[in-house]
Amino acid sequence: MRHFYRTQLAPAEVLAQADQFFPSIGLAQTTTAPRTRSFAGPLGALKLAVRAEGGHYTFVQVETDQMGESRMDRNVKKFFVALSIERRPRAALAPAEVLD
């Protein structure tokens with residue numbers, strides 16, 4: 001099954017996130033290239049590819065060897081959520097005003 005996602009993260013940041021996320025769910029990295037990664041494990045296999053697209057976006061494509069909505073596909077969607085959370089700005093707390 002193929003999954004697509006666009007993010008404002010740089011391609012190197014997406015690959016770094018993938019290198020952390022997929023081994024944490026039991027997948028071992030099988031292939032490493034400048035813009036692609038391959039992982040395999042008990043859930044199946046996947047290939048991730050990134051490319052810069054139109055300005056400041058990065059296009060992320062993930063192909064799994066699973067049919068339909070499998071555990072692997074749900075984990076790919078969790079990875080996309082993790083990418084979106086990484087990009088959200090964190091609110092800075094303003095110092096409290098001192099009232100006299």
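The model is predicted, so local features need pLDDT of at least 70 and side-chain atom pairs count only at pLDDT 80 or more, while totals for chains, interfaces and linings use all residues. Residues are numbered from 1 along each chain as its sequence is written, and side-chain values use heavy atoms, with hydrogens and water left out.

The model holds an open sheet of 5 strands. The strand order is E1-E5-E4-E3-E2, and the pairing is antiparallel. Strands (E, at least two residues) and helices (H or I, at least four) are DSSP runs, numbered from the N terminus. Two strands pair if DSSP finds at least two bridges between them. Strand E1 (2-7) and strand E2 (28-32) are the edge strands, and each pairs on one side only. On average, neighbouring strands are turned by 20° against each other, direction ignored. Axes are lines fitted to C-alpha atoms, for helices over the stretch in contact, and angles run from 0 to 180 degrees between N-to-C directions.

The strand pairs can be taken in turn. E2 and E3 run antiparallel and are joined by 4 bridges. A hairpin of 3 residues connects E2 to E3. Ala28 stands opposite Ala40 in E3. E3 and E4 are antiparallel too, with 6 bridges. Their hairpin has 2 residues between the strands. Here Phe39 faces Leu46 in E4. Strand E4 (residues 44-53) and strand E5 (residues 57-64) pair over 8 bridges, again in the antiparallel sense. Lys47 stands opposite Glu63 in E5.

Helix H1 lies across E1, E2, strand E3 (36-41), E4 and E5. H1 runs at about 165° to E4. Contact means heavy atoms within 4.5 Å.

Aromatic rings were searched across the whole structure, and 7 aromatic pairs were found. Rings of Phe, Tyr and Trp (its six-membered ring) pair if their centres lie within 6.5 Å; planes under 30 degrees apart count as stacked, over 60 as edge-to-face, and the rest as tilted. The ring centres of Phe22 and Phe79 are 4.9 Å apart and their planes are at 45°, so this pair is tilted. The pair links distant parts of the chain, 57 residues apart. Phe22 belongs to helix H1 (residues 11-24), and Phe79 to helix H2 (residues 71-87).

Phe22 has 0% relative accessibility and counts as buried. Phe79 is buried as well, at 1%. Buried means under 20% relative accessible area, exposed over 50%, and partly exposed in between (1.4 Å probe, protein chains only). Ring pairs also link Tyr5, Phe21, Phe22, Phe39, Phe79 and Phe80 into a cluster.
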